[in-house]
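Trainee: Can we go through the labels on this model one by one? I want each one set against its rule.

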Amino acid sequence: MSPLDRALNSIESISLARVSGRLVRVKGLLLESVGCQLAVGQYCQIEESGGTMLDAQVVGFDRDVTFLMSFKSPGGLTAGARVFPQEKKRALMIGADWMGRVINGLGEPLDGKSAPGGEYPLNSQPEPINPLLRKPVDTPLDTGVKAINGLLTIGKGQRVGLMAGSGVGKSVLLGMITRSTLADVVVVGLIGERGREVNEFIYHTLQASGMAKSIVVAAPADESPLMRLKAAELCHAVAAHFRDSGKDVLLLVDSLTRYAMAQREIALSLGEPPATKGYPPSAFGIIPRLVESAGNSGASGSMTAIYTVLAEGDDQQDPIVDCARAVLDGHIVLSRELAESGHYPAIDIAQSISRCMAQVTEPAHQQAGRTLKQRYSDYMAIKPLIPLGGYVAGADAEVDKAVRMQPAMMSYLRQGKDECSPLARSVSELLALSQA
């Protein structure tokens, strides 16, 4: 076939018109479009007054009106602005080039470097895992934190929540775990938190050595709720990719509450009725879907996930805290009372539990942990009576033992933020303490 014939045949495939809709209303976070058929979840572009394009996504529809939400702040929009549907978005390519990078929820660089590339296509939506194909959690994970290693032992592939109110030390404890845990890849999702914390986490927590094997996905509080959702989903997809490549992955998400809040903003804008404390039903539905994409799969690698969960007003019955507690494999509760007394990390071992501890520890270790927890609970029950003279030695042998051991117990549970206590040492100290 001659070049002229090929050119004539290609004329039929040339689009003579570009399909577009038009913007008819801007209502808070929600953009309303008509005149073009768009599918839920589809990406599109909206023409701004200066000729630039604003990226958005379809989040719902009502009869012939399509609801859009932009990834970035919508500025310069006008009535009747054209809305262009995008073809299927090109998949991100992932590889070793992603290590040490800071990106947003769309995979765009935030560190001033060129866009990261790779040789493998990445589906930015977390994929569900067949529960029958999940590799069991049977190997302990050394967190470097004595109270966790000894009393709340975590396994590789476990999903754990750090539950606490604001300013009690969630981020500091997360940093201690990050520096001490041995993992091939660390994926950090900073979702809806203060923008200042991004730099602090990189330079003070991860530092240069940790950043070399880490990928940070950041969507601070001033980003759109859609971008915050995408960032949380992207960090799970990235962690899952390296897990399925045979790597031991540590996923840190700060915080799961902000993820639910982003969904609340979107759902309320769409008119979904609020259910519990202002959260619509969809906010409780997306948490299990996100969490279930973490953990182990059938691959040789592992994916341990740690989520911070904000307990508003220190309420451990907060609906998001309660939802997270139900779907995670354990929870570590931080106490404001302990923090205010200078006890760090402020882990309340009586309220905390690791559901996989029995699968990754020896019976003697488990018994020692139960013994120390019982003595801790006995002491905390009698503590308010001691200054009032209500405690009389000799009335109860177990309480006497708990009071006598109180200094040693508190010494075991306290730890400096730059101190690392390996798993073996933590367990041996626990065994010695329980036999005292």
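Mentor: Start with residue classes: Ala, Val, Leu, Ile, Met, Phe, Trp, Tyr, Cys and Pro count as nonpolar, Asp, Glu, Lys and Arg as charged, and the others, Gly among them, as polar. The lining of the largest cavity then divides into five nonpolar, three polar and two charged residues. This is a predicted model, where local features need pLDDT of at least 70 and side-chain atom pairs pLDDT 80 or more, while totals for chains, interfaces and linings use all residues. Residues are numbered from 1 along each chain, and side-chain values use heavy atoms, without hydrogens and water.

Trainee: Which residues line the largest cavity?

Mentor: Leu 141, Lys 156, Thr 181, Leu 182, Ala 183, Asp 248, Val 249, Leu 250, Ser 302 and Thr 304. Strand 15 (248–254) gives the most, three residues.

Trainee: Why are Tyr 43 and Phe 71 called stacked?

Mentor: Rings pair if their centres lie within 6.5 Å, and planes under 30 degrees apart count as stacked, over 60 as edge-to-face, the rest as tilted. Here the centres are 5.5 Å apart and the planes at 20 degrees, so the pair is stacked. The two residues are 28 apart in the chain, Tyr 43 in strand 3 and Phe 71 in the loop between strand 5 and strand 6. Both are buried (under 20% relative accessible area, 1.4 Å probe, protein chains only).

Trainee: What makes Arg 264 lie over the face of Tyr 279?

Mentor: The rule wants CZ of Arg within 6 Å of the ring centre and within 35 degrees of the ring normal. Arg 264 lies over the face of Tyr 279, at 4.3 Å from the ring centre.

Methods: Phe/Tyr/Trp six-rings, centres within 6.5 Å; stacked < 30°, edge-to-face > 60°. Helix = DSSP H or I, 4+ residues; strand = E, 2+ residues; numbered from the N terminus. Buried < 20%, exposed > 50% of the residue type's maximum accessible area, 1.4 Å probe, protein only. 1 Å grid on protein atoms, 1.4 Å probe; cavity = no way out; pocket = protein on both sides within 12 Å on 5 of 7 lines; lining within 4 Å.
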